[in-house]
Amino acid sequence: MEKNTLLRLSVAARACVHSQQPRAVPPQRPFTTIPQGTSAPASSSPNAPSNRSTNDPFSSLGSLSMALGSKQDPSTLTSLPQHLAPPRAAVAPPHHLHVFSSKHNTHITLTRPDRNPIIAVSTGNLGFKKAARGTYDAAYQLGAYMMNRIQQEGLLAKIQKVELVLRGYGDGREAIKKILLGSEGMSLRPRVVRVTDATRLKFGGTRSKKPRRLG
């Protein structure tokens with residue numbers, strides 16, 4: 001019993017001594033007064049915010065969000081970079097030159113950007129009859145006639161961009177390519193911005209026609 005009471009008294013005495021010791025206070029930085037009209041010196045601390053340039057995209061994002069929050073027109077902001085500036089007027093859509101070449105005929109149609117036709121011709125318009133309409137020579141003459149007619153009607157001034165749409169795998173497909181790469185298509189070739197293959201592919205569907213067998 002005496003040992004236990006002595007042990008308790010010693011523990012209580014130590015706790016009392018520790019509670020009476022003064023705690024260490026961290027040193028405080030002295031306050032400095034900045035004269036009026038002068039700017040504050042830059043802080044050397046790594047966590048201190050730095051002055052960002054006007055080319056910083058994040059500062060531009062902040063100004064853009066502030067403008068949107070205050071219902072201000074973003075086009076009036078002069079510090080926006082090019083990738084954050086409001087989009088300009090939409091680019092004019094191209095005209096379309098459709099070439100449908102089958103085993104029996106070749107059709108060429110020039111359409112406006114809204115798909116309304118301007119010129120539509122086929123090898124039958126040039127006087128080719130029956131099996132002659134599906135030949136390579138007929139398609140070549142049709143392509144040359146189409147290029148000549150575009151120039152005569154003054155459509156090159158209105159056509160800025162052209163999309164070539166190919167459909168089918170007849171002889172007229174290669175003939176039109178030769179026309180555009182040759183001297184006949186020299187005026188229209190720089191305006192071609194896209195070449196599209198619109199050949200239709202069948203996935204299942206109805207039963208095909210019975211193949212013709214001779215002999």
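Student: Which residues of α3 are buried?

Tutor: This is a predicted model. The buried residues of α3 are A138, A139, L142, G143, M146, M147 and I150. Among the elements that cover them are β1, β2, β3 and α4.

Student: How do you know that the length of α3 agrees with its 17 residues?

Tutor: At 1.5 Å a residue, α3 should span 24 Å. Its end C-alpha atoms lie 25 Å apart, which agrees.

Student: What caps the N-terminal end of α3?

Tutor: T135 does, with a side-chain oxygen 3.4 Å from the backbone nitrogen of A138. The cut-off for a polar contact is 3.5 Å, and the value of 3.4 Å is within it. After α3 comes G154, whose phi is positive, near 70 degrees.

Student: Which residues have the most contacts inside the largest nonpolar core?

Tutor: They are L97, I108, L110, I119, M146, I150 and L188, in a core of 20 residues. At least two core residues come from each of β1, β2, β3, α3, β4 and α4. The element that gives the most is α3, with four residues. In soluble globular proteins, nonpolar side chains tend to be buried together.

Student: What is M146 in contact with, leaving aside its neighbours within four places in sequence?

Tutor: M146 is in contact with L97, I108, T109, L110, I119 and V121.

Student: Why is H95 called buried?

Tutor: Buried means under 20% relative accessible area. H95 has 12%, so it counts as buried. H95 lies in strand β1. Leaving aside neighbours within four places in sequence, its contacts include T111, I118, K158 and V162.

Student: What makes β1 largely enclosed by the rest of the structure?

Tutor: Five of its seven residues are buried, so β1 is largely enclosed.

Student: In what sense does β1 pair with β4, and in what sense with β2?

Tutor: β1 and β4 pair in the parallel sense over six bridges, while β1 and β2 pair in the antiparallel sense, also over six bridges. L97 shows both pairings: its bridge partner in β4 is L164, and in β2 it stands opposite L110. β1 and β2 form a hairpin, with four residues between them.

Student: Why is the contact of R149 and E153 called a salt bridge?

Tutor: The cut-off is 4 Å between a side-chain nitrogen of Lys or Arg and a carboxyl oxygen of Asp or Glu. The side chains of R149 and E153 meet at 2.9 Å, N to O, so the pair qualifies. R149, at 27% relative accessibility, counts as partly exposed, and so does E153, at 42%.

Student: How many salt bridges does the structure hold?

Tutor: It holds four. Another of them joins R194 and E163, with the closest N and O atoms 3.2 Å apart. R194 lies in strand β5 and E163 in strand β4, so the pair ties together parts that are 31 residues apart in sequence.

Student: Is E163 buried or exposed?

Tutor: E163 has 8% relative accessibility, so it counts as buried.

Student: Where do K177 and E174 lie?

Tutor: Both lie in helix α4, three residues apart, about one turn of the helix. K177 counts as partly exposed at 32% relative accessibility, as does E174 at 43%.

How values were computed:
Residues are numbered from 1 along each chain as its sequence is written. This is a predicted model: local features need pLDDT of at least 70, side-chain atom pairs count only at pLDDT 80 or more; totals for chains, interfaces and linings use all residues. Side-chain values use heavy atoms; hydrogens and water are left out. A nonpolar core is a set of buried Ala, Val, Leu, Ile, Met, Phe, Trp, Tyr and Cys residues joined through side-chain atoms within 4.5 Å. Buried means under 20% relative accessible area, exposed over 50%, partly exposed in between (1.4 Å probe, protein chains only). Contact means heavy atoms within 4.5 Å. Two strands pair if DSSP finds at least two bridges between them. The expected span of a helix is 1.5 Å times one less than its number of residues. A polar contact is a pair of N or O atoms within 3.5 Å; within protein, one must be able to donate a hydrogen and the other to accept it, and residues adjacent in sequence count only if both atoms are side-chain atoms.
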